[in-house]
Amino acid sequence: MNPSLQSVLRPSGAHAVLVDHLFALITTICVVVWILTALAAWTAIRRGRVAGSSATDQQAGRHVAVATGITVVTLIGILIATMVTGRAMDALRVDDPVRVKVTGNQWWWDIQYPGAYPSQQVTTANEIHIPVGRQVQIEMLSNDVIHSLWIPELQGKIDLVPGHLNTLWLEADYPGVFRGQCAEYCGAQHAKMALTVIAEAPGDFERWLMANRAPAPTPTTPDQQHGQEIVVKGPCSLCHAITGTSAGGRTAPDLTHVASRSTLAAGSLPNTRGYLAGWIADPQHVKPGSRMPPTGLQGGDLQDVLAYLETLK
Amino acid sequence: MQVSRSSTARACGARPWTAAARSAVLAGCALAWLTAGCEREARRYQDLPAGADRQTAIRVGQLEPGGRQPEAPVQSPYQDNAWGIGEGKRLYSAFNCTGCHGLNGGGAIGPPLMDDKWIYGAQADQIYATISQGRPNGMPSFGGHLPNQQIWQLVAYVESMSGQTKATSSPGRNDDQLGALPESRRSPQRPVQAGGK
């Protein structure tokens, strides 16, 4: 499935199916009401006022009362349907969900999987892995402005508010790659604040989690070692963290396993060596206003940094 | 309108201005005002890190062998730029300056930055040198770890903390909930040289 396509009309999880049913019901009601209203208007215009009509104000008033009654009953029906959907969603909650913490930043997503011990915690960015068929509880906060997490195939959207914890529950029914995006305007690069959700078999998910708990691999070739030196001693380490090295910045995406992710710069670019080079050399060309400053890295240094970053699988 | 026209006439020594000249001057003023506003807000995303010369050109002594090296800029390139100062404010938290100098520059285990006392100089190039070289007793050196343009953004912000930048360019609000006045409303401090500890 192409993760660049996202659609509310292709529900892929229990929550999304409920939302989809509600959506279908309300849309059907609205279409019927629209057709009836249009027909009534059309008939009235065609017939015009019949000369010598005996209709009185009292009769007209009765018609308006009946129409108002039907409208109120319909709206209350929609309200009840919405409440039933909400209850059904609530009933899906379980006591042992997969817990994920998502923190919004201008303009990327910080993703954490809490563990029993700090060493078991997994920190990644812009990519959420979930096991198929299990309830996932996403706790959401923001570090700067209000963002909104929207993965149309899996759930409705909920805001990420600074200092206020919001929770989103979702579940994927089958393996797939789903695209999500920020759905609340949050500044210059709001449009390039996307994320990827990868739903996989529970075994694959556990393997991914184990792999991401490991610290970054030690570079082996001289190129990679030089690259690591530049990353750790240079400007990168002030914002980025790489577990197992002295790079411990917490204001930019964690790079410990950056090479295992599918996109760069929050879904802006595919994660290949060429795009990574362009992004590091001139991030402000790809994403003007991004918090990543121009690094001025060139030539051999840039190649060595790329060689090192490619080992961070 | 009548009053202002007669006062203008008096101010110009009653020289008869044509309506066209007056509108031209007005339009000129409006344009200057507007473009000044543009400069204030300009977001200079593409500023590349300046070469190493800026870093080495900050000199403590006056004597130099051979020809003179280019002087370091005495002012931050972001001195009057609201975006640059705002970025500096963000970086001040991001790089944990708050940890020692306090959330609003009120000081903690590091010296306060919102007052009038400067141990290592209040000029922009001196602040730049302090940030990039570090200072004894705890100030880390950020040279080589930060791109130069970010250090200059920090310099501009540090100046704004004691009211050294224009109120129109300084940050107008705080994101945190502490009650300190935003930088644009702080009264300018007159820098004085203070002895180090």
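Me: Is the crossing of helix 6 of chain B and helix 7 of chain B left-handed or right-handed?

Reply: A crossing is left-handed if the near helix is turned anticlockwise from the far one by less than a right angle, and right-handed if clockwise; that of helix 6 of chain B and helix 7 of chain B is right-handed. Helices here, like strands, are DSSP runs numbered from the N terminus (H or I, at least four residues, for helices; E, at least two, for strands). This is a predicted model, in which local features need pLDDT of at least 70 and side-chain atom pairs count only at pLDDT 80 or more, while totals for chains, interfaces and linings use all residues. Residues are numbered from 1 along each chain as its sequence is written, and chains are lettered from A and ligands numbered from 1 in the order in which they are written.

Me: At what angle do helix 6 and helix 7 of chain B pack?

Reply: Axes are lines fitted to C-alpha atoms, for helices over the stretch in contact, and angles run from 0 to 180 degrees between N-to-C directions. Helix 6 (residues 124-133) and helix 7 (residues 148-161) of chain B pack at about 120°, their axes lying 9 Å apart. The two helices are therefore oblique to each other, given that angles under 35 degrees count as roughly parallel, over 145 as roughly antiparallel, 65 to 115 as roughly perpendicular and the rest as oblique.

Me: In what order do the five strands of the open sheet in chain A lie?

Reply: Two strands pair if DSSP finds at least two bridges between them; in chain A the order is 4-10-9-6-7, with mixed pairing. Strand 4 (127-131) and strand 7 (158-160) of chain A each have a single partner strand, so one side of each is left without a neighbour in the sheet.

Me: Which residues of strand 6 of chain A are buried on its two sides?

Reply: In a regular strand the side chains alternate between the two faces of the sheet. In strand 6 (residues 147-150) of chain A, H147(A) and L149(A) on one side and S148(A) and W150(A) on the other are all buried, that is, 20 or more other C-beta atoms lie within 10 Å of their own, with C-beta atoms placed from the backbone. Strand 6 of chain A runs antiparallel to strand 7 of chain A, joined by three bridges, and S148(A) has D159(A) as its bridge partner there. Strand 6 of chain A also pairs with strand 9 of chain A in the antiparallel sense over two bridges, where L149(A) stands opposite C182(A).

Methods
Buried ≥ 20, exposed ≤ 12 C-beta atoms within 10 Å, placed from the backbone.
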